[in-house]
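Subject: Structure handover

Hello,

Here is the structure I said I would pass on. Please look it over first; my notes follow below it.

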Amino acid sequence: MKKWMLCLFVPMVLTSCNYKTNAYKALEQEKDSLLLEEQKKTAQLNQVMAVINLVEDNFEQIKQAENFVTFQTNQEQIAKDSMSQVVEDLDLIKNSLTDNRRQIAGLKKQLAKSRLMSKDLTKMIERLNSKIEQHTKVITDLREELAQKNVRIQELDQLVTALHENVEGLQENVSEKDVQLSAQEKQMNKVWYAFGTRKELKAHGVFARNGLLEEGFDKSYLLEADLRNLTEISLYSKKAKLLTNHPASSYVLEKVNDFLVLKITNPKKFWEISHYLVIEVN
């Protein structure tokens with residue numbers, strides 16, 4: 001009898017140990033995945049800040065060159081030896097502004113492809129673009145002042161022309177990027193949901209098991225929505241159960257006029273695991 005009981009007990013222990021081992025491995029994999037994602041975000045942020053620092057350094061050089069050119073412009077007559085320095089500084093301003101414009105455009109493109117874009121970074125990019133416009137105006141004003149003194153510098157004329165052409169091109173490019181960003185943002189916020197009886201959900205291949213939809217499910221059966229606008233769903237049933245994974249703290253099921261209504265209290269958290277929602281109702 002004891003031997004028989006022992007034979008039953010041993011497999012149970014081994015099964016339990018194996019279960020714990022598998023669960024532990026799953027947790028380890030999840031931890032490693034989260035750590036890797038965090039490291040990627042940190043690396044991307046460091047790269048972004050390096051570009052911003054480079055752009056700021058360029059602006060500092062531009063400012064110093066502008067100060068010299070402005071000082072010479074305010075003189076009654078520009079000395080010949082100073083004129084060569086003016087031309088050199090104008091060339092520095094041109095190259096630095098062109099490089100800054102290229103760096104900022106590349107930065108916007110990089111942020112559009114990542115999830116790092118925030119209000120602070122958006123404002124920072126707007127401020128950097130505003131600086132370019134300010135320096136462009138300074139150069140334009142300097143040319144006008146020099147022209148009043150009958151001083152024409154070919155490099156300055158070419159610089160102003162190039163700056164205005166680049167600004168016009170940049171404005172068109174920004175408009176296109178804004179449209180692209182808007183489309184990307186809309187796509188990122190798309191979610192799909194469906195609710196029905198177990199029979200209905202199975203009939204359309206959207207019955208979730210263990211919180212996951214089976215591969216090849218019928219997406220056309222689900223309704224599409226924008227998570228920023230979807231705050232509640234009327235279920236027209238007295239009983240309901242979420243089959244997909246969504247944090248319990250991000251929603252509530254409330255009874256309204258004898259029927260349940262799913263109210264999403266924290267959309268960002270609610271959809272962070274999955275952008276698909278399946279609810280079984282009775």
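**Notes on the model**

N189 sits in the loop that links α4 (154-188) to β1 (190-196). Please keep in mind throughout that this is a predicted model.

Is N189 buried or exposed? The relative accessible area of N189 is 14%, and the cut-off for buried is under 20%, so N189 counts as buried. Setting aside neighbours within four places in sequence, the contacts of N189 are A225, D226, L227 and R228.

Strand β1 also holds F195. F195 has a relative accessibility of 26%; buried would need under 20% and exposed over 50%, so F195 is classed as partly exposed. Without counting residues up to four places away in sequence, F195 touches L201, Y221, I233, S234, L235, Y236, I279 and V281. F207 is 12 residues from F195 in sequence, and the C-alpha to C-alpha distance between F195 and F207 is 9.7 Å.

**The chain as a whole**

There are 6 helices and 7 strands in the chain. Along the sequence they follow the pattern α-α-α-α-β-α-β-β-β-β-β-α-β. Of the 282 residues in the chain, 32% are buried. The chain exposes about 18900 Å², with 52% of that supplied by carbon and sulfur atoms. Among contacts in the chain with a separation of 6 or more, 71% are between residues 24 or more positions apart.

**Nonpolar cores**

The largest nonpolar core contains 21 residues, and F59, I93 and L107 have the most contacts inside it. Which elements give two or more residues to this core? They are α1 (2-73), α2 (80-113) and α3 (119-148). The largest share, 8 residues, is from α1.

L107 is in contact with V48, V51, I52 and I125, again leaving aside neighbours within four places in sequence. Another core lies apart from the one described above. This other core has 17 residues, including Y193, L242, F270 and V281. V281 is also one of the residues that F195 touches.

**The sheet**

An open sheet is formed by 3 strands in the order β3-β6-β5, with antiparallel pairing. Strands of a sheet pair through backbone hydrogen bonds, which can be in a parallel or an antiparallel arrangement. Here β3 (232-234) and β5 (251-256) are the edge strands, and each of them pairs on one side only. From one strand to the next, the twist averages 25°.

How many bridges join β5 to β6? There are 6 bridges between β5 and β6 (residues 259-264), and these two strands run antiparallel. In this pairing L253 is opposite L262 of β6, and Y251 is opposite I264 of β6. β5 and β6 make a hairpin with 2 residues between them. In the turn of this hairpin, N257 has a positive phi of about 55°.

On the other pairing, β3 and β6 are joined by 3 bridges and also run antiparallel. E232 stands opposite K263 in β6. I233 and S234, two of the residues touched by F195, fall within the β3 range of 232-234.

That is what I have for now.

Regards

Notes
Residues are numbered from 1 along each chain as its sequence is written. This is a predicted model: local features need pLDDT of at least 70, side-chain atom pairs count only at pLDDT 80 or more; totals for chains, interfaces and linings use all residues. Side-chain values use heavy atoms; hydrogens and water are left out. A nonpolar core is a set of buried Ala, Val, Leu, Ile, Met, Phe, Trp, Tyr and Cys residues joined through side-chain atoms within 4.5 Å. Buried means under 20% relative accessible area, exposed over 50%, partly exposed in between (1.4 Å probe, protein chains only). Helices (H or I, at least four residues) and strands (E, at least two) are DSSP runs, numbered from the N terminus. Contact means heavy atoms within 4.5 Å. Two strands pair if DSSP finds at least two bridges between them. Axes are lines fitted to C-alpha atoms, for helices over the stretch in contact, and angles run from 0 to 180 degrees between N-to-C directions. Accessible areas come from the Shrake-Rupley method with a 1.4 Å probe; for residues, only the protein chains shown count as cover.
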